[in-house]
Amino acid sequence: MGGKCPHRKVKKRRLSHKTARRTKFLVKGDDAVYEALKKPEEERRPLPVDEDLPGMGQYYCLHCDRYFPNVATRDKHFKTKRHKKRMKQMMGPAPHTQLDAELAAGMGMPDNGPKLMPM
């Protein structure tokens, strides 16, 4: 009679703790981040002090839309594979927007082509 012991308790993590922690702060969509990156340096506002964000909201990665507790952590983040992938993604073609999704689903304005005869 093989098999597992009936009294053995197997601990399974139902939810990933990292995922819950990453989504703790709301993240902007790709299209909003892309638009913010396309603005010139002069139009970007300085970061306001916010006690609820890590590092008082002063250490921010614009590409990843993340706040960091200090400069060292932010600089370490700049060297990660995740950040580099995100930078490459944001420097490429524009991501899909809500309008693109609605047009693909057939919910946007119809395109009936050019008018042939005026009425």
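What percentage of the 119 residues in the protein do buried residues make up? Buried residues make up 13% of them, where buried means under 20% relative accessible area, exposed means over 50%, and partly exposed lies in between (1.4 Å probe, protein chains only).

## Basis of the report

This is a predicted model, in which local features need pLDDT of at least 70 and side-chain atom pairs count only at pLDDT 80 or more, while totals for chains, interfaces and linings use all residues. Residues are numbered from 1 along each chain as its sequence is written, and side-chain values use heavy atoms, with hydrogens and water left out.

## Overall architecture

The protein has five helices and two strands. Along the sequence, these elements follow the pattern α-α-β-β-α-α-α. Helices (H or I, at least four residues) and strands (E, at least two) are DSSP runs, numbered from the N terminus.

A contact means heavy atoms within 4.5 Å. Among contacts between residues at least 6 apart in sequence, 41% join residues at least 24 apart. The accessible surface of the protein comes to about 11100 Å², of which 57% belongs to carbon and sulfur atoms; such areas come from the Shrake-Rupley method with a 1.4 Å probe, and for residues only the protein chains shown count as cover.

Ala72 lies in helix H3 (residues 71–78). Ala72 is classed as exposed because its relative accessible area is 56%. Ala72 and Tyr59 are 13 residues apart in sequence, and their C-alpha atoms are 9.6 Å apart in space.

Lys85 belongs to helix H4 (residues 81–91). With a relative accessible area of 59%, Lys85 is also exposed. Between Lys85 and His63 there are 22 residues of separation in sequence and 9.9 Å in space, C-alpha to C-alpha.

## The salt bridge

Side chains of opposite charge can pair when their charged atoms come close. A salt bridge is a side-chain nitrogen of Lys or Arg within 4 Å of a carboxyl oxygen of Asp or Glu. A search of the whole structure finds one salt bridge. The side chains of Asp75 and Arg74 meet in a salt bridge at 3.9 Å, N to O. Asp75 has a relative accessible area of 33% and is therefore partly exposed.
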